[in-house]
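The sequence and the structure are shown below.

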Amino acid sequence: MDNTYRDRMHIRRSVMDEHREATLQCNDVAEPAVLELYEWMVTTYLPKRFPKVYKLIETPLGLQLHNTVSNTYLPIQPASPLAALECLGEHVDTDFLILLPSSTAADGSPIYHLQAFATMFPAGFSTKDKCGQPLASIHAPVPGYAAKLERSMDRFFARIEVGRVVQRTNWSISTNDRLFSDGGNHMYGDVDQGKPIDTNNKTLAVGNPDLDQKIEQQKRDVVVDDCRLRCERQTLHRLPKTKALVFAFKTYLYRLEEVKEEGLGPVLAEAIEGLGKGSVPDMAFYKRGVVWGEKVIEYLNN
Ligand code: HEM
């Protein structure tokens with residue numbers, strides 16, 4: 001919760017109105033989990049964690065959650081699972097993805113699939129296209145995922161206990177300030193899979209016949225003032241009744257000028273330079289560093 005909350009609520013509402021199918025979905029199998037998440041959020045988490053913003057109050061329509069910032073009321077009993085996702089999507093500045101053990105590996109261990117979501121701020125992918133898929137397919141474009149993470153990931157997921165929260169953060173540079181991005185923030189290689197990856201027509205892939213020319217063109221188009229440092233704070237926890245996993249992330253966008261004002265320009269420049277030198281050098285390509293890297297590093301160092 002921060003001073004961007006009011007603006008974010010408006011952005012979230014308008015993204016939802018403009019891209020309804022891309023932002024909200026609940027497969028039948030995930031309905032009980034979505035209702036469980038909603039009930040916990042409105043009756044417990046929100047009013048206890050942010051009591052000045054969300055207050056449980058008796059109204060002529062029964063108990064409701066009052067959002068004191070927008071002066072609107074959230075029902076305790078949503079009309080449907082989709083209505084519950086819509087309500088969370090508008091009133092909480094966090095995107096939610098629900099995962100369920102929908103298939104089984106050869107050794108009998110569960111494989112988690114994405115089965116419902118309220119994502120207003122995807123960082124360059126189509127959540128709708130990923131819905132129903134297992135984690136491995138969802139991460140197919142991520143370099144190093146299949147080699148370094150995939151095998152341990154499902155085991156790790158299966159072991160997350162109720163009451164435990166796992167957290168991770170990520171960062172990249174986007175060349176625009178659009179919070180809703182269903183493509184264009186990444187470039188895809190075929191390093192791990194040995195087969196082409198579906199790019200939803202907005203994302204450049206290694207297989208593109210004009211790749212070098214397209215990269216040069218995109219490099220010329222980069223305007224440093226339009227670039228943003230984009231970070232996500234991601235959490236993962238298990239719901240006690242349905243045992244579904246909730247993957248939630250809050251997105252932060254900073255102007256590069258703000259980063260410099262904090263004296264962190266050289267630190268970020270170093271991190272960008274390090275992208276291509278880490279344990280997964282293809283990350284620099286995936287994050288489109290080959291497009292925005294030069295101009296952004298020069299700006300941050302001067
Ligand atoms: C905590 C375990 C997880 C790890 C270690 C992980 C790792 C990664 C990494 C390294 C990336 C590349 C960009 C970045 O750094 O964020 C990524 C992208 C992504 N992750 Fe995860 N992830 C995790 C959980 C999840 C879960 C639970 C979902 C739920 C569906 C998810 C969905 C995605 C999506 C949609 C992308 C973008 C892929 C694309 O470019 O199409 N991740 N993940």
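Donors are taken as N, O and S atoms within 2.8 Å of the metal, or within 3.2 Å for Na, K and Ca, and because water is not among the atoms, sites may look incomplete. The model is a predicted one, in which local features need pLDDT of at least 70 and side-chain atom pairs count only at pLDDT 80 or more, while totals for chains, interfaces and linings use all residues. Residues are numbered from 1 along each chain as its sequence is written, and side-chain values use heavy atoms, with hydrogens and water left out.

The iron atom of the ligand has His-139 as its only protein donor, through NE2 at 2.0 Å. His-139 is placed in the loop between helix H6 (135–138) and H7, where helices (H or I, at least four residues) and strands (E, at least two) are DSSP runs numbered from the N terminus.

**Salt bridges**

A salt bridge is defined here as a side-chain nitrogen of Lys or Arg within 4 Å of a carboxyl oxygen of Asp or Glu, and by this rule the count comes to 15 salt bridges. Three of them are set out in the table.

| Pair | N to O distance |
|---|---|
| Asp-93 and Arg-12 | 3.2 Å |
| Glu-86 and Arg-20 | 2.8 Å |
| Glu-216 and Lys-219 | 3.9 Å |

Which parts of the chain does the salt bridge between Asp-93 and Arg-12 link? The pair links distant parts of the chain, with Asp-93 in the loop between helix H4 (81–91) and strand E5 (95–104) and Arg-12 in helix H1 (residues 5–18), 81 residues apart. For accessibility, buried means under 20% relative accessible area, exposed means over 50%, and partly exposed lies in between (1.4 Å probe, protein chains only). Asp-93 counts as buried because its relative accessibility is 7%, and Arg-12 is likewise buried, with a relative accessible area of 1%.

In the salt bridge between Glu-86 and Arg-20, the closest N and O atoms are 2.8 Å apart. Glu-86 lies in helix H4 and Arg-20 in helix H2 (residues 20–23), so this pair ties together parts that are 66 residues apart in sequence. Arg-20 has a relative accessibility of 36% and therefore counts as partly exposed.

The salt bridge between Glu-216 and Lys-219 has its closest N and O atoms 3.9 Å apart. Both residues of this pair lie in helix H8 (residues 211–221), where Glu-216 and Lys-219 are 3 residues apart, about one turn of the helix. With 40% relative accessibility, Glu-216 counts as partly exposed.

**A positive surface patch**

On the surface, Arg-151, Arg-155, Arg-159 and Arg-164 gather in a patch of positive charge. Such patches are made of residues with over 30% relative accessible area and no salt bridge, like charges being joined within 9 Å and nonpolar side chains (Val, Leu, Ile, Met, Phe, Trp, Tyr) within 5 Å. Arg-164 is found in the loop between helix H7 (145–159) and strand E7 (165–174), and Arg-164 counts as partly exposed because its relative accessibility is 39%.

**Positive phi angles**

Lys-243, although not a glycine, has a positive phi of about 65 degrees. Lys-243 is found in the loop between strand E10 (228–238) and strand E11 (245–255), and at 43% relative accessibility it counts as partly exposed. Arg-288, also a residue other than glycine, has a positive phi near 65 degrees. The place of Arg-288 is in the loop between helix H11 (283–286) and H12, and Arg-288 counts as buried, with 8% relative accessibility.

**Further positions**

Trp-292 is found in helix H12 (residues 289–301) and is buried, its relative accessible area being 0%. The C-alpha atoms of Trp-292 and Glu-257 are separated by 16 Å, and the two residues are 35 residues apart along the chain. Arg-230, in strand E10, counts as buried because its relative accessibility is 5%. Between Arg-230 and Leu-97 the C-alpha to C-alpha distance is 19 Å, with 133 residues separating them in sequence. Glu-270 lies in helix H10 (residues 265–275) and counts as exposed, at 59% relative accessibility.

Methods: Accessible areas come from the Shrake-Rupley method with a 1.4 Å probe; for residues, only the protein chains shown count as cover. Lys and Arg count as positive and Asp and Glu as negative; His and the chain ends are not counted. The place of a charge is taken as NZ of Lys, CZ of Arg, CG of Asp or CD of Glu.
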